[in-house]
Amino acid sequence: DMWYLELLLPLLLLFKDVSAQWNVWMPRDISAMTNSCVVIPCTFMYPSSIRPYRGVHGIWYFGQPYPQFFPPVVYKSRTDIVNESYKGRTKLLGDLNQRNCTLRISNLGAEHSGRYYFRADLGGANIFTYPDFSELKVLDQPNVDIPEEIVSDTSLDVTCYAPDNCPDMSPEISWLYADYLPDPQYSSEYVEEGNTAVLSSTLTFTPKPMHNGQLLGCRVHFPNTSFVYERLIYLDIKYHPRSVWVNASREVMEGSSVTLYCEVDSNPPPRISWMFGDQELIWDTASNISLHLEAVDSPKEGVYTCVADNGYGTMNSSMYLAVMYPPREPWVNASVTVQEGSTVFLHCSTQGNPPPTLTWLKDGLLVGTITAEEMSVLEIMEVTPQGDGTYRCLAENEHGRSSSSLNVTVEFAPILLEESKCTVVREGVQCVCVASGNPEPIIEFQLPDLNITINDTESRFNYYTHTDGYTATGMIKLREKTNNGGNGAAAVNVHCHISNMYGSETVRLELQQEKKYMMAVVIGTIGGVAVIAFIIAAVRYVGRNNKKENGNPGQDLVSKLENPSMFYSAVKKDKQNLRKKVGDDGEYQPVGSMADLEKQELNYAALEFIRGRPRDGASVQGDDGSDYTEIKAK
C-alpha cells in the first residue's frame, strides 16, 4: 500500500492548494433568444483562510472586471443600484454563502450580449474580481449549421440550434420550405454541457442541381408565448456542368460574319472556352460566352466545340459551321499529246460547297457524263483525230461556276483528202494534193513516166505548198511543152506521195476538166443561139416591111428566090467530157492533145450576106469593099 499513498499524496497537496485560491467557474459561452431569459450558472471559491465576518456579497459587472473603469453594474447584493439597462431584469438565483453566484437575466435584448464578470466581497480588503467571464450571445434568429460546400447528389445534413437556458420556457424547432426536398429526414437532439442546454434539429436529404438557389428555413417557437424566431438560407448546390447549349449547325456564305453562342448550366460558373480542333479561340469564367468570326472562309469550316469545366466536372457541346462558296478553279492535268488509237485519261478536281458538279465539254459540246463529285476522270478510248482539240472541265454549284481547259493533241498517219486531183487549165494541167496528218505530212508529186519526184527541193517545176493546222496542201502546174514535147497531156500520170512519222501513202491523182471551161461551153452555146435568133427576127421584120411597100407578093417571092438573104451556121463545142471511160475497169483516159483541147474551146456563129440585084428603081450604092459581115461569140 505504500505506492498508493505515494501517488495520492501529491493529489491531496494539489487540492489543498487549489482550495486556497480565488477561483470561479461559469460557462465561457452561453446563448439565449431575444425577449427570453438566461441563467448563467456560477460557482466561486476563495482562500480558506479568509473568514467573512459580515457575510459574503457579490457584484456582476458587464464588459470589464475593473471597477476603476466604472463598468455597468448588472447585479449588486448590497444594494439595488444597477445600470439602467438591467433594472428589473436581473436576479441572483444562487446563495453567495454557499459560494453559488448563479445569475438570471430576463427580457433580453441585443444590447445585453457581451462578457459578464463576478466580483466577490468578503468584507474588508477581501474583495476580488475574478478574471474569468461568461460571454452571452443574445440571438434574434436560430443558428443553422450547414456545410460550406454542398455537392449535388451527396447526402447533406443541415442542423438548426435553439438555446434552452431559460427555465421558464422551452423551445420547439420546425423546418420551413422543406416539402419540395427529396425524401427529407428529421432528427432532434438535446445537449446539456456545462449547465447550458441546446436543442437541435437535423434535416437530412440529398440535394439535386434543381435545388440550387432554393429557400430553406428553420423556425424556433416558445410555446405559450408569441416569441417566434426564423432563419432562412439559400441553398448553394455545387454541381458539374449538366448542359452546354450552343447554336445549331449552320451554313454561312464565304466572306460573311457569324457569331457562335454557348451557354452552360453549372455551379459554380465554369471556365468556358470555344475550341476549333485543338486550338482554343476564346475563354472566360462565366455562364455564357460568344465567339465572333469575321470574313469566314473555307479553312474556318469545321466543328466548333464549347468546353465547360468548373472543377466538379467537364462537359462540352459541338456544332458544325459550313462555309458555302462557289467552285474553285478546277485543277486539270497538263495538256497531252497521244497517238491515234490510244486511251486518254483526263483528270479534273475542284472544291466548292455544296460539292459542285463536274462536266467535260469539247468545242462547247458535252462529252462524258456529269458527275456530282469533286473529282472527275474522262476516259477517251481509241482516240481518233476528231478527238483532237480543247477540253474544258466546268464546275458548277448554286453559288457560281468555274472552269479550266487543256489541249489533247492527237498524232496520226497522213490521210489524203477528196480535194486532191489534177485539173485541165489553160496553161496545162494543175495538180493539187491535200492531206491531213499530225505531225503535218510531207507532200511530194511523182511522175512515174518521167521518173521524177517533185518536192520543195525541185526547182524545175512550179511547186507550191501551204500548211493550215494539220492540213497540208501541195500544188504543181505541168506545162505541155515542158513535160512532153507538145503531147504531154495525152497521158497525164501524176502520183501524190504523203508521209509523216506514223505512215505514208501514194495515190494516183485523177484528171478532171476545170469547171470554168465547162461553164464556157454552156454559156457560148446559149449565146450563139441567142444571136442567131435575133438575126432571124430582124430579117423577118425587114421582109414584112418590103411586102407592105410593094404590095406584090409574087414579086416578093421572086426576090427571095433571086436574092436570098443569108446563110448561117453555128459550130458548138462537143459537150462530152474531156476524158472518156474506156475498158471494163472504169479508168479514164485522155481524149486528145493539149492543142486539140485548146481548139475545142472556141464556140462561134457566122452569118454570110451574098450581094443581090438591086430592086427596080433603087439606086446602086458604091461598093464599100465588104462582101460579108462576121459575128463571133465565145
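Over how many bridges do strand β38 and β39 pair, and in which sense, parallel or antiparallel? I looked this up in a predicted model. Strand β38, residues 442-447, pairs with β39 over three bridges, in the antiparallel sense. I then followed F445 across to β39 and found I454 as its bridge partner.

**Sheet**

Four strands make up an open sheet, and their order is β39-β38-β42-β43. The pairing is antiparallel. I checked the edges next. β39 (452-454) and β43 (503-508) each have a single partner strand, so one side of each has no neighbour in the sheet. From one strand to the next, I noted an average twist of 20°.

**Core**

I turned to the largest nonpolar core and noted 29 residues. The residues with the most contacts inside this core are F44, W60, V74, C101, I105, Y116 and F118. I listed strands that each supply at least two residues, among them β2 (29-33), β5 (57-62), β6 (73-76) and β11 (134-139). β9 gives the most, with three residues. As background, I noted that nonpolar side chains tend to be buried together in soluble globular proteins.

**Cavities**

I looked for cavities of 30 Å³ or more and got two. I took up the second largest cavity, which has about 30 Å³ of space. Which residues line the second largest cavity? I found A32, M33, S36, C37, P163, D164, N165, C166 and F222. I sorted this lining by class: six residues are nonpolar, two are polar and one is charged.

How values were computed:
Residues are numbered from 1 along each chain as its sequence is written. This is a predicted model: local features need pLDDT of at least 70, side-chain atom pairs count only at pLDDT 80 or more; totals for chains, interfaces and linings use all residues. Side-chain values use heavy atoms; hydrogens and water are left out. On a 1 Å grid over the protein atoms alone, a cavity is a set of points where a 1.4 Å probe fits but cannot get out, and a pocket is an open set with protein on both sides within 12 Å along at least five of seven lines; lining residues have an atom within 4 Å of a point. Grid points are joined across faces, edges and corners, and a volume is the space filled by probe spheres set on the points. Ala, Val, Leu, Ile, Met, Phe, Trp, Tyr, Cys and Pro count as nonpolar, Asp, Glu, Lys and Arg as charged, and the others, Gly among them, as polar. Two strands pair if DSSP finds at least two bridges between them. Axes are lines fitted to C-alpha atoms, for helices over the stretch in contact, and angles run from 0 to 180 degrees between N-to-C directions. A nonpolar core is a set of buried Ala, Val, Leu, Ile, Met, Phe, Trp, Tyr and Cys residues joined through side-chain atoms within 4.5 Å. Buried means under 20% relative accessible area, exposed over 50%, partly exposed in between (1.4 Å probe, protein chains only).
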